[in-house]
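Walk through this structure with me, step by step.

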There are 2 protein chains.
Amino acid sequence: MTNEGKPEVAAAGEPAPTKEPPETGALLRRFAAEAAHMLDWLAQFGSGANADEGVTRLLYTPAWQQAQDALAERLAGCGLAVSYDDVGNLYARLDGAREREVVATGSHIDTVVRGGRYDGAYGIVAGALALAYLKEAYGQPERTLQLVSFAEEEGSRFPLAFWGSGSVTGRYQARHAPDAADADGVSLAAAMHEAGFGQGRYAAPPAAADWSAFVELHIEQGSVLEREGAAIGIVQGIVGQRRFGFEVSGEANHAGTTPMSYRRDALCGAAEMIVAIRDAALAYGDPTVATVGRLEASPGTVNVVPGRASFTLDVRHPDGAALEAFCGELMTTLERIAASNGLTVSVSLWTEAAPVRMNGRLTEALDRICRTRGLVCRHMYSGAGHDSQLLAPVCPTAMVFVPSRGGISHSPAEYTNAEDLAAGIVVLADLLYALAYKGETP
Amino acid sequence: MTNEGKPEVAAAGEPAPTKEPPETGALLRRFAAEAAHMLDWLAQFGSGANADEGVTRLLYTPAWQQAQDALAERLAGCGLAVSYDDVGNLYARLDGAREREVVATGSHIDTVVRGGRYDGAYGIVAGALALAYLKEAYGQPERTLQLVSFAEEEGSRFPLAFWGSGSVTGRYQARHAPDAADADGVSLAAAMHEAGFGQGRYAAPPAAADWSAFVELHIEQGSVLEREGAAIGIVQGIVGQRRFGFEVSGEANHAGTTPMSYRRDALCGAAEMIVAIRDAALAYGDPTVATVGRLEASPGTVNVVPGRASFTLDVRHPDGAALEAFCGELMTTLERIAASNGLTVSVSLWTEAAPVRMNGRLTEALDRICRTRGLVCRHMYSGAGHDSQLLAPVCPTAMVFVPSRGGISHSPAEYTNAEDLAAGIVVLADLLYALAYKGETP
């Protein structure tokens with residue numbers, strides 16, 4: 001998915017790069033080998049005995065702790081200044097001449113249960129390799145380069161996500177852990193204490209609002225790049241999201257003795273609604289997505305007309321006003337369907353997250369880098385949540401995707417080939433170079 | 001729902017009845033009081049401590065046994081000759097001059113779990129009251145009158161229905177009980193032995209093929225009569241039925257990162273199918289009914305596009321060829337929907353029952369009786385299964401419905417008012433009179 005052989009013709013009609021970049025082919029080969037090796041190494045922490053068990057590193061568990069500690073040791077070995085903050089976020093710094101101007105990159109090393117080796121981990125490995133390469137090739141930067149391994153992003157152990165990035169962006173206060181408990185009833189605060197954090201032993205989480213920039217490299221977790229043959233996804237924004245629960249009520253009746261015209265079949269009504277939701281999302285057009293993931297009909301017996309049906313709806317769009325308008329129109333449609341079937345429908349909004357936009361100057365810089373490197377790139381929105389969505393509102397933030405084979409994620413089958421991994425690291429290194437060494441300002 | 005005040009104008013243009021019937025009003029009042037009283041009495045066997053527990057009389061349980069024994073005692077007290085057969089069907093005979101010509105009526109006293117007081121029981125109570133009335137009013141009949149309380153119809157304890165009527169019609173061999181077990185693992189044979197049957201202590205079940213006629217009175221278990229203001233439903237036939245299981249397969253995907261046009265959403269496909277099934281049944285017209293009672297989407301998570309969906313389908317129609325054609329067309333439609341959504345669908349036929357028709361001369365006789373009595377009647381099909389569907393292929397069979405309030409059945413809320421109960425018994429008594437005393441031949 002790279003045009004390695006002809007970097008000079010990245011995009012027709014563009015001006016030639018003003019500075020000869022490091023030779024792309026050699027850099028790709030270097031990062032391909034290093035990334036594959038380091039991802040193997042990191043996956044040892046939390047891997048099940050069999051490959052199909054994947055990797056499980058839940059916040060504050062021994063597997064998570066071992067991974068963070070091993071990473072700290074490895075980063076220190078590269079000559080980076082390593083530290084934890086009081087929630088367990090891990091930092092590795094390469095101080096710049098303007099030490100307090102921080103250009104940060106990072107992601108997370110926690111996983112879902114039986115997850116893959118790339119989600120989050122790739123951004124950490126990429127940051128480590130990019131910083132090591134930049135230090136080796138260019139020495140001290142102008143601005144400080146900082147890799148951050150956020151303590152938690154997935155929300156897999158406790159019913160809250162973004163505990164790591166949320167602690168540097170003001171969503172969460174490290175000293176006031178939300179009242180959340182894991183499946184065994186262990187509170188977030190207790191688990192944090194048990195892991196040695198939350199006791200003032202480490203510095204308070206820094207304020208990301210002071211950072212000059214934050215860049216996150218991540219696998220796509222979708223199949224758009226793979227299907228379109230692009231190596232790099234330049235994320236324009238992260239979608240806003242609303243989740244709803246619907247309850248459709250009609251009348252349960254005997255399947256044999258109730259003529260079709262007498263029925264108030266809640267499942268038939270829900271089915272019409274599901275089709276209407278899909279058709280509305282298609283009509284609204286990309287990048288609108290609307291998903292009914294769960295549906296239950298009651299009483300749920302082969303010979304009874306369902307009197308009730310409940311289903312979930314997940315709607316995402318990168319534009320807040322469009323999301324609002326789409327949901328509003330949809331509710332009108334669903335109520336009309338209910339009424340025309342003699343049913344009632346009630347809806348509850350479960351969760352709501354506003355969309356965020358990535359920094360425009362950073363995405364432009366990424367465009368230039370891809371052209372210069374001859375990497376086929378695509379602008380896209382992230383349909384999944386990432387640490388970047390917390391960072392974007394407080395500091396200039398960019399996000400880069402690499403392809404996920406088959407779009408598979410949160411699974412042991414998650415995979416990105418070494419060439420694609422390397423292309424992403426080249427782009428990350430180039431952007432960090434531009435920001436930290438050349439002093440470009442987002 | 002009767003035209004009690006003006007029986008002489010039952011139907012405009014009809015000839016006046018040739019014989020003055022017993023005064024309808026008085027007979028209705030008699031049967032209304034007797035039926036309400038006897039149904040109360042019968043409901044004591046198997047009633048829960050609270051009204052909302054309904055009535056539970058499962059085959060060969062103590063509640064069932066007590067009800068059958070109490071019924072035997074009560075029928076013997078009316079001067080009827082009472083006997084069991086070897087599966088536990090209970091008979092009460094009023095021998096005619098032509099003793100071996102048997103005009104039978106009956107239903108069942110077993111119930112579903114937490115069932116109502118009318119389903120099955122009404123036909124038994126009605127038969128008992130009709131025989132007692134005919135004996136009292138007219139003495140010995142020409143043909144033998146026989147009430148039969150079938151041991152089992154519902155299939156609620158063992159996974160087979162019609163054990164009682166099936167044993168007199170050749171479906172089941174009493175001495176070779178099907179290999180079925182209840183929820184506690186007790187076999188049908190063991191339960192039958194425990195209740196004192198299946199050991200040759202009683203006569204083998206008689207062959208219903210020898211009966212001159214069989215008439216069943218039953219609550220409608222639907223709301224057609226109530227909605228149309230009819231007192232009597234004259235059943236033309238019992239629908240044939242097919243039950244299917246469908247499996248729709250697509251691809252599970254991330255709800256945020258998978259554009260709508262990339263999806264192979266099994267639930268969306270199933271929803272289109274459910275709407276198409278309903279629309280096909282509506283287009284095919286009454287009395288076609290098609291019901292999707294159960295649906296499951298997998299993985300069933302709010303933020304995952306469902307990769308699989310399974311649902312049940314129950315189709316009923318009184319005409320076998322129409323049922324066959326409808327199902328055939330429907331399968332083509334569902335496969336087309338699957339293909340157009342990039343899905344596959346597999347179908348399995350779970351059960352199949354052929355439709356049966358009631359005896360034409362008996363339904364004509366019922367028409368005449370309703371006209372004579374001034375009872376508003378309606379021809380209809382039974383969408384539910386009944387003992388009559390086993391009897392109809394082996395002897396002339398008729399079936400009569402009375403209204404069910406709200407169409408509710410298999411529930412403690414099952415209810416038919418005393419006037420409607422009485423109207424049905426008048427019709428039953430008149431038909432039994434015509435067959436057994438006047439010697440009419442179906």
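H9(A) crosses H11(A) in a right-handed sense. This is a predicted model. Helix H9 of chain A covers residues 360-373, and helix H11 of chain A covers residues 418-436. The two pack at an angle of about 120°, and their axes lie 10 Å apart. That angle makes H9(A) oblique to H11(A).

Which residues in H9(A) meet H11(A)? From H9(A) come Leu362(A), Ala365(A), Leu366(A), Ile369(A), Cys370(A) and Arg373(A). Facing them in H11(A) are Val426(A), Val427(A), Asp430(A), Leu431(A) and Leu435(A). By class, the contact has nine nonpolar residues, no polar ones and two charged ones.

Now step back to the chain. Chain A is divided into two parts: domain 1 takes in 7-238 and 355-436, while domain 2 takes in 240-353. The centres of domain 1 and domain 2 of chain A, taken over C-alpha atoms, are separated by 38 Å. How many residues are in contact between these domains of chain A? Five from domain 1 touch eight from domain 2.

Last, the two chains. Rotate chain B by 180°, with 0.1 Å of shift along the axis, and chain B superposes on chain A with an RMSD of 0.1 Å. That is the relation of a two-fold axis. Of the residues of chain B, Ala271(B) comes closest to the rotation axis, its C-alpha lying at 2.1 Å. Why do the copies meet through the same surface? Because 100% of the interface residues of chain B are also interface residues in chain A.

Note on methods:
Residues are numbered from 1 along each chain as its sequence is written. Chains are lettered from A and ligands numbered from 1 in the order in which they are written. This is a predicted model: local features need pLDDT of at least 70, side-chain atom pairs count only at pLDDT 80 or more; totals for chains, interfaces and linings use all residues. Side-chain values use heavy atoms; hydrogens and water are left out. Copies are superposed by least squares on the C-alpha atoms of residues with pLDDT of at least 70 in both. Contact means heavy atoms within 4.5 Å. Axes are lines fitted to C-alpha atoms, for helices over the stretch in contact, and angles run from 0 to 180 degrees between N-to-C directions. Helices (H or I, at least four residues) and strands (E, at least two) are DSSP runs, numbered from the N terminus. Angles under 35 degrees count as roughly parallel, over 145 as roughly antiparallel, 65 to 115 as roughly perpendicular and the rest as oblique. A crossing is left-handed if the near helix is turned anticlockwise from the far one by less than a right angle, and right-handed if clockwise. Ala, Val, Leu, Ile, Met, Phe, Trp, Tyr, Cys and Pro count as nonpolar, Asp, Glu, Lys and Arg as charged, and the others, Gly among them, as polar. Domain bounds come from an automatic or database domain assignment.
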